[in-house]
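Hi,

Here is the structure I promised to pass on. Please have a look at it first, and then read my notes below.

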Amino acid sequence: MVKGRLHSFETFGAVDGPGIRTVVFLQGCPARCAYCHNPDTWDLHGGNEIETKQIVDRAKRGMSYYGEKGGVTFSGGEPLLQGEFLIQTMGALKKVGINSIIDTSGTYIDEFTEKVIEECQMVLLDVKHTDPEKFWELTGKKQETLLKLIELINKHEKHVWVRQVIVPGINDKEANIKALNEFIKKIKHVDKVELLGYHNLGIEKYEKLGMKYRLKDVEPMDRSKLNELSALVKY
């Protein structure tokens, strides 16, 4: 049995996929996103060791609330970094009647990734930026990995919720949303597109960790402007 590394749990999650969900935040992330508000998830060796049974037992507590749509969402960090553990745990959850969703940034792929995509119910896909150079600047990772992941998602006919964090001065123009509309045409089954407003609530955490926060001078995204941009989304 493969063991995983856990950052934290969230119960009664209502924004991490359809229905009410138990959210499992796995430890480890290969990206270094400029606006990440959980840098404590980056280290794959951080967090706490956990077994599949512990996640199944925790998830079973919420079964009476899941209904037909709810279940478990694996987030992070980047959950695909623990692909072998995901496959094992999703299989165990399936045996007790609980579906699994993967919340990924598309910044990591290995030999287990395709099986993870094949076994999950659907994918929450965080598209950091549509422009390859800006993608690199924001994440420190190449966009090619995201494109390869989209190919796997399409191959296995998985439905997707697309998310993008809108950051003032980086991707908050109408042209950025038009570019996003074009980019998501690469995905066969897009059920929903969400624009999330940038916030700077993670600054204090960076200070406590003795880390530099690259966007400390950027103001939080204006809600009315975000609504205007959201109205331009087409899929």
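R163 sits in strand β7, residues 159–166 (strands and helices here are DSSP runs, E of at least two residues for strands and H or I of at least four for helices, numbered from the N terminus). With a relative accessible area of 10%, R163 is buried (buried is under 20%, exposed over 50%, partly exposed in between, using a 1.4 Å probe and protein chains only). Leaving out residues up to four places away in sequence, R163 touches V15, D16, D103, L124, L125, D126, V127, E194 and L196; contact means heavy atoms within 4.5 Å.

Before you go further: this is a predicted model, in which local features need pLDDT of at least 70 and side-chain atom pairs count only at pLDDT 80 or more, while totals for chains, interfaces and linings use all residues. Residues are numbered from 1 along each chain as its sequence is written, and side-chain values use heavy atoms, with hydrogens and water left out.

Next, the aromatics. A search of the whole structure turns up three aromatic pairs. A pair needs ring centres within 6.5 Å (for Trp, the six-membered ring; Phe and Tyr also count), and planes under 30 degrees apart are stacked, over 60 edge-to-face and the rest tilted. W42 and Y206 have ring centres 6.5 Å apart and planes at 80°, so this pair is edge-to-face. W42 belongs to the loop between β2 (21–26) and β3 (48–50) and Y206 to helix α8 (residues 203–209), so the pair ties together parts 164 residues apart in sequence. Both partners are buried: W42 has a relative accessible area of 15%, and Y206 has 3%. Y206 also pairs edge-to-face with Y213, at 4.8 Å centre to centre and 65° between the planes. Y213 is buried too, at 6%. Through these ring pairs, W42, Y206 and Y213 are linked into a cluster.

G46 is in the loop between β2 and β3 as well. It is buried, with a relative accessible area of 16%, and it touches R5 and Q27 if residues up to four places away in sequence are not counted. G46 and Q27 are 19 residues apart in sequence, and their C-alpha atoms are 6.5 Å apart.

On to the helices. α1 (residues 52–60) and α3 (residues 83–95) pack at an angle of about 40°, and their axes are 9 Å apart. Axes are lines fitted to C-alpha atoms, for helices over the stretch in contact, with angles from 0 to 180 degrees between N-to-C directions. That angle makes α1 oblique to α3 (under 35 degrees is roughly parallel, over 145 roughly antiparallel, 65 to 115 roughly perpendicular, and the rest oblique). Where do α1 and α3 meet? On the α1 side it is T52, I55, V56 and A59, facing F85, Q88, T89, A92 and L93 in α3. By class, that contact has six nonpolar, three polar and no charged residues (nonpolar is Ala, Val, Leu, Ile, Met, Phe, Trp, Tyr, Cys and Pro; charged is Asp, Glu, Lys and Arg; polar is the others, Gly among them).

L86 is buried, at a relative accessible area of 0%. Its contacts, not counting residues up to four places away in sequence, are L26, F74, P79, L80, I102 and V116. L86 and G4 are 82 residues apart in sequence and 8.4 Å apart in space, C-alpha to C-alpha.

Cheers
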